Amino acid sequence: MNTLKVNGIGKHQRGLTLIELMIGLTLGLLMTGLIIQIFLSNRQTHRFGEAMSLLQEQGRFAMKVMSDDVQLAGYRITIAGANPVQNLTSALPNRLQGASNTGVNNSDSFTVRYESANPRDCTGAVVASPVINTYSVATVAGQPALTCNGAPLLDGVEGMQVLYGEDTNADGAANRYVSAIPANVLNVVSMRISILLSGTESVSPDTASRVYTLLDWSYPPFNDYRLRRVYTTTVQLRNSGLAS
């Protein structure tokens with residue numbers, strides 16, 4: 001260790017050499033960069049997790065709303081002393097209607113009809129019975145959204161495809177799924193509904209090259225790196241198989 005003598009008294013040298021200072025600065029920068037990298041990685045993971053959770057909640061919401069309505073299709077308030085099957089067949093012949101590839105991104109749409117003691121449509125408006133709800137994908141404020149009777153129900157729904165389960169031998173089960181409603185709508189015993197839902201932020205590194213398939217339709221890759229998921233459900237129609 002170097003020492004200096006002042007007035008004959010030895011003292012230790014204080015301070016750092018230039019090389020020691022440069023090494024210290026370099027190590028400090030490396031540590032700072034590592035900490036920043038860990039922070040950014042954790043932040044990205046957190047954003048991805050939040051986006052995924054939100055998509056799951058939105059997907060469950062959309063499927064529940066549509067499934068509940070589909071199960072009511074054709075429901076008829078029984079008239080005292082009347083045959084409920086005849087009432088249903090005569091009162092709601094168009095309990096279910098559908099159109100293929102008419103919405104945004106070639107999305108399908110469908111309409112359900114049913115009676116209710118306190119009729120309100122999917123927007124909450126009081127209506128005359130029967131209730132008529134039409135679900136489709138349309139552009140709202142410049143972005144695709146799931147709509148019901150023209151009112152936005154859920155943002156970020158970029159596509160919807162629907163197939164109808166037809167009972168061809170009157171056993172109560174679907175023998176085939178078709179894209180158009182059969183001539184006898186009462187032979188439709190189930191529906192398959194599939195939606196493509198997207199997040200609002202670019203948090204996924206791989207969606208730009210992924211093809212999304214909804215039942216009988218595929219959507220090409222997107223280049224915005226938004227998180228996307230396909231949600232599909234099969235719904236049994238409770239008021240079906242009432243006529244042949």
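Which residue of S7 does Thr-147 stand opposite? In the predicted model described here, local features need pLDDT of at least 70 and side-chain atom pairs count only at pLDDT 80 or more, while totals for chains, interfaces and linings use all residues. Residues are numbered from 1 along each chain as its sequence is written, and side-chain values use heavy atoms, with hydrogens and water left out. The residue opposite Thr-147 is Pro-152 in S7.

The chain has two helices and 13 strands; these are DSSP runs numbered from the N terminus, with helices (H or I) of at least four residues and strands (E) of at least two. Of its 244 residues, 34% count as buried, where buried means under 20% relative accessible area, exposed means over 50%, and partly exposed lies in between (1.4 Å probe, protein chains only). The chain exposes about 14,100 Å², of which carbon and sulfur atoms supply 55%; accessible areas come from the Shrake-Rupley method with a 1.4 Å probe, and for residues only the protein chains shown count as cover. Among contacts (heavy atoms within 4.5 Å) between residues at least 6 apart in sequence, 56% join residues at least 24 apart.

Strand S6 (143–148) is largely enclosed by the rest of the structure, because five of its six residues are buried. Val-140 stands opposite Gln-143 of S6. The hairpin of S5 and S6 has two residues between the strands, and Ala-141 takes a positive phi near 55 degrees there. Strand S7 (residues 151–155) runs antiparallel to S6 and is joined to it by four bridges. The hairpin of S6 and S7 likewise has two residues between the strands.

Most residues other than glycine have a negative phi, and most peptide bonds are trans. Asn-149, in the loop between S6 and S7, has a positive phi near 55 degrees. This residue is partly exposed, with a relative accessible area of 32%. Asn-106 is not a glycine and has a positive phi of about 60 degrees. Its place is in the loop between strand S3 (96–99) and S4, and at 35% relative accessibility Asn-106 counts as partly exposed. A cis peptide bond, with omega about 10 degrees, joins Ser-129 and Pro-130; Pro-130 is in the loop between S4 and S5.

The largest nonpolar core has 33 residues, and those with the most contacts inside it are Met-66, Phe-110, Met-160 and Met-191. Such a core is a set of buried Ala, Val, Leu, Ile, Met, Phe, Trp, Tyr and Cys residues joined through side-chain atoms within 4.5 Å. At least two residues of this core come from each of helix H1 (18–72), strand S4 (109–114), strand S5 (131–140), S6, S8, strand S10 (188–202) and S13. H1 gives the most, with six residues. A second, separate core of five residues includes Leu-196, Leu-214, Tyr-219 and Phe-222.

Tyr-231 lies in strand S13 (residues 226–236) and counts as buried, at 17% relative accessibility. Leu-196 is 35 residues from Tyr-231 in sequence, and the C-alpha to C-alpha separation of the two is 6.6 Å. With residues up to four places away in sequence not counted, Tyr-231 touches Leu-55, Gln-56, Gly-59, Met-63, Ile-193, Ser-194, Ile-195 and Leu-197. A polar atom of the Tyr-231 side chain lies 3.3 Å from the backbone oxygen of Leu-55. The backbone nitrogen of Gln-56 lies 3.4 Å from a polar atom of the Tyr-231 side chain.

Glu-166 is placed in strand S8 (residues 157–166) and is buried, with a relative accessible area of 11%. Its side chain makes a polar contact with the side chain of Arg-176 at 2.8 Å. A polar contact is a pair of N or O atoms within 3.5 Å; within protein, one must be able to donate a hydrogen and the other to accept it, and residues adjacent in sequence count only if both atoms are side-chain atoms. Residues touched by Glu-166, not counting those up to four places away in sequence, are Ala-173, Ala-174, Asn-175, Arg-176, Pro-182 and Asn-187.

Note on methods
Pairing = 2+ DSSP bridges.
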